[in-house]
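Hi,

Here is the structure I promised to pass on. Have a look at it first, and then read my notes below.

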Amino acid sequence: MLLAGLCTVDVVQRVEELPAPGEKVQSLRVDVAAGGPATNAAVTAAALGAEATLLTVLGAHPLAALARADLEPHGVRLIDLAPGLTDPPPVSAVAVRDRDGERTVVSRNAGGRHFHVKVPLLAADVILLDGHYPELALGVAREKKAPVVLDAGSWKPVLDELLPLVDIAACSAHFSAPGPGLHERGVPTVITTAGPRPVRWSTADGGSGEVPVANVEARDTLGAGDVWHGALAVAVTRERTVTDRIRFANEVAAERVRHVGPRSWTTAIAGRNRT
């Protein structure tokens, strides 16, 4: 499968309590890992036994080596579209509260990073896009030879052009599209997650429903949505119905939040339902 989008360097501090403005706290542990919606989804897909290729912009800055070092042992094939870029990659500063796994994230994401390269044509059985690099997302979607899943966390201007090329839009509860709805924009299947509440879905032909989320003790919610999207993309190749695909993604995301740290959960889901 092909996953195209953002790759960041995440510096994750686990704390007893999230600091108030002006307050300094000492962390319980520190982790450094690659992050970003498409990147975490790629790690998830690889852990589930899929051949995951991440198409992104990382560059030659020393910080980029930290992301590469995290992705390689997790089986993600990385294709860097701008390997000579000397600017630092996006860095996320993350604090995770120990007692319930809640987190705060400060990130530059892909803001201000623009590139113009030819997007390579790669074979894939499913494609996941996060929309953070508009040129990349559109280039991949326009050449699609497989179902396209969009991680629609928030509205981005590129979505006006991108949505008609999408087969499944998986949205957060905070996602809001200006003007016409997603079905009216040409998206056949729309899925909306809402944290611990049931996941809702609808199709352009009038189908709809919801799938409950397991009640689990959350230890770390960082990247849980990205993990859910990666599992959904894998499920597109393995499950026939929307509800079965959502159910599979819910199970994988529930396993992720039970584990402390950016990657500790991968061994718990390794090869689940491998085909």
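Which residues does Asp80 touch, not counting residues up to four places away in sequence? They are Thr56, Val57, Leu58, Gly59 and Arg68, where a contact means heavy atoms within 4.5 Å.

Before going on: this is a predicted model, where local features need pLDDT of at least 70 and side-chain atom pairs count only at pLDDT 80 or more, while totals for chains, interfaces and linings use all residues. Residues are numbered from 1 along each chain as its sequence is written, and side-chain values use heavy atoms, with hydrogens and water left out.

Back to Asp80, which sits in strand β5 (residues 77-80). Strands here are DSSP runs of E, at least two residues long, numbered from the N terminus. Asp80 counts as buried because its relative accessibility is 15%; the buried label means under 20% relative accessible area, with a 1.4 Å probe and protein chains only. Its side chain makes a 2.8 Å polar contact with the side chain of Arg68 (a pair of N or O atoms within 3.5 Å, one able to donate a hydrogen and the other to accept it; residues adjacent in sequence count only if both atoms are side-chain atoms). A polar atom of the Asp80 side chain also lies 2.9 Å from the backbone nitrogen of Leu58.

Now for β6 (residues 91-97), where 5 of the 7 residues are buried. β6 pairs with β2 (residues 8-15) in the parallel sense over 7 bridges; pairing takes at least two DSSP bridges between two strands. Gln13 has Ala95 in β6 as its bridge partner. β6 also pairs with β7 (residues 103-107), in the antiparallel sense over 5 bridges, and there Ala93 is partnered by Val106.

Cheers

Conventions. Buried < 20%, exposed > 50% of the residue type's maximum accessible area, 1.4 Å probe, protein only. Helix = DSSP H or I, 4+ residues; strand = E, 2+ residues; numbered from the N terminus.
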